[in-house]
Amino acid sequence: MELKILEKLNYEQRQAVKYNKGPLFIIAGAGTGKTMTLTSKVAYLIATGVAPQRILTLTFTNKAAREMKERILDMVGPAANMSWISTFHSFGLRFLRRHISILENGLDEGFVVIDEDDAKKIIRDSIKELGIDEKTFPSTDIYNQVSALKVGYERFYLKSEDLERLLKKYQEYLIDNNLVDFDDLILYTLQILTKEKTIREHYQEAFEYILVDEFQDTDHLQYEILKLLSGNKSEKTICVVGDPDQSIYSFRGARYENNLDFIKDYQAKVITLSKNYRSTNKILSLANKLIKENLDRYPNYSEKHLESDLGSGYPPVFRKFNRDIDEVIYVAEKITELVQFDGYKPTEIAILYRSNYLSRAFEETFIRYQIPYIVYGGVSFFQRREVKDIMAYVRLSLDNSQDFFLKRIINVPKRKLGNVTVQRLEEYSKYIGESMFDAILSFDVAAGTKKELNSFSKIIKKFSEAIEKNINLSDLIDLILNESGYKEMLLAEGDQGIDRIQNILELRGVFKRGEFLYEGDTKEKLTQILDEISLMTDADKNVATEDKVILSTYHQVKGLEFKAVFMVAMEEDIFPNANAIYSKGGLEEERRIAYVGITRAKRHLFLTHSDSRFRFGRKEYNRPSRFYLETMDTMGRVKPSYLGGGSVEYEADSSFEIGDKVEHQLFGAGKIVAIEGEVAVIAFSAEHGIKKIILGHPSLKKSK
């Protein structure tokens, strides 16, 4: 079996899979078969006699965890099911289901995980209760501020007494209601592993092998958990896989320095995967050149030069436009051409931009051109209002003490139970020390209101009794939809309501699948499926199921690939982002984002920018992005074509001489210190240093 696992791997991959003499860092460049290598390593360990339950594999998305498990199942069979393959958060959830009561902070093992949307609701309510001016914290940013303070990401919050009060109030609410958020899954796991030696040593002994996918995305807390689980660093067989050049999530706490720290802390061996299976070599040439502009790349990248066996391929196209509308029309027409004449499916084409607001002009034009499209980063299925409402009914029926979910649906559909009544009920429940649901029985209120409360209580009890009698999961959704009045409410909304009913029926399908995926009675199955749903993140929702062109930011498509990629609006202050230009680390991360964009392309790559662009209600005049210029240089003597595609060579300019003073569009004033063939070596200011630029490049002019 071992030979069969290895037979499809290249030399570098085989070396990585077979290495078993200590800590290992597999530097896996874009498109180099990272997942194949990692899953083959797990399968190889099992095939060579390692007990699968002693292997822990951690990754960052549920989708990646599922795909890995499926691949390992194909290679070694049912034994793969015994291996721990999960996200960091899923591991934390499983860990805390066993140990959270050790914290003695009021939480027990029956806690409920809330998603970001629920957390924002609690934070908004807490702001009101504390009397904090809502203008103090932008609504779109407050959750991130609270989260950053909570986990210690000092770069991402502004210290203030109000923020500290808000975090304290928010955390008290979570504990009082037996709730945990995503941050808690990591923080509480770290706290227990740090303080409880017996538990820590149990897990260190339990896991003989630890593997981590997408290691470049780990934050400081996840790395600390990893170190605690691995125990004796020199003896533990730990393997991390990732590409530091694709570390683009600092805004989520990803710590670029973890890459070098791992090598130092563990004295790890480094194996580099550099054979690309995705892109043609002219595209890879751009990627290689661009990322070499970053100065703080580590570990040593001398071996990391992406190449493929897919041939040279089409030259990347660089296009400049006078106006942003010209850029948009060009992209629309080029997509039409790719679909009609090259046989591309719309879903094989992606438009990538740095910020979401840039999609608007493309959406408007695509509608006129009848180009089907989908915008990544929209509302995920499990965040839709009707889905969250039905889920709240399920959670309350499963556990009547869940006040947070009761407040969401006590007046959905409308039951003449307004905010004042709900607030009074909540205050009364706290006074008598009962849940809001239990407090309904003795709550003294007007007869009409009491009747509605009793009716609501009766409905929830009916659902709870059905769960006790082991109703099928899908039948439970039908029961809630029909008996709660929710279906009747949606039917009254017309076509929009029909669409929302269809979403609930889709949810029913998820629960029906859970009947076969999970073991136990209805309560146990519900707990497992609710846990899985609550751990869904943005990274799990972007799966194109319809044949539509993808409109997306770079972050949303990391890990995906497309036959044709358009990198649009490549202009200074847009890409790189204006906020990143003035910090070295920020600028290098922006360049890594551009690198990720380039390496999404399999066959065609287009890079475009406009001299003028309407942005935020006014016309702006922009310089081309430094990334645009840096990649343009890669093409040898190539400059952008303004004639409808393809590439046109630069004419070498023999009028330049050593000692000439020059002006560069991006780097400013400089002096030619050497000429090597058709390339000038130019000394710019200390900020930019020495650059090599092709003579005749349109961005380079002699100074007068």
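S429 counts as buried because its relative accessibility is 2%; buried means under 20% relative accessible area, exposed over 50%, and partly exposed in between, with a 1.4 Å probe and protein chains only. The model is predicted: local features need pLDDT of at least 70, side-chain atom pairs count only at pLDDT 80 or more, and totals for chains, interfaces and linings use all residues. Residues are numbered from 1 along each chain as its sequence is written, and side-chain values use heavy atoms, with hydrogens and water left out.

S429 sits in helix α18, residues 419–432. Helices are DSSP runs of H or I, at least four residues, numbered from the N terminus. Its contacts (heavy atoms within 4.5 Å) include E434, S435, M436 and A439, leaving aside residues up to four places away in sequence.

Now the cavities. A cavity is a set of points on a 1 Å grid over the protein atoms alone where a 1.4 Å probe fits but cannot get out; lining residues have an atom within 4 Å of a point. Volume is the space filled by probe spheres set on the points, which are joined across faces, edges and corners. Four cavities reach 30 Å³ or more.

Of its 16 lining residues, D115, D118, F382, K388 and M391 are the closest to its centre. Helix α16 gives the most to this lining, with five residues.

The second largest cavity has a volume of about 50 Å³. Its lining includes I122, D125, Y173 and F404. Here α6 gives the most, with four residues.

Notes: Helices (H or I, at least four residues) and strands (E, at least two) are DSSP runs, numbered from the N terminus. On a 1 Å grid over the protein atoms alone, a cavity is a set of points where a 1.4 Å probe fits but cannot get out, and a pocket is an open set with protein on both sides within 12 Å along at least five of seven lines; lining residues have an atom within 4 Å of a point.
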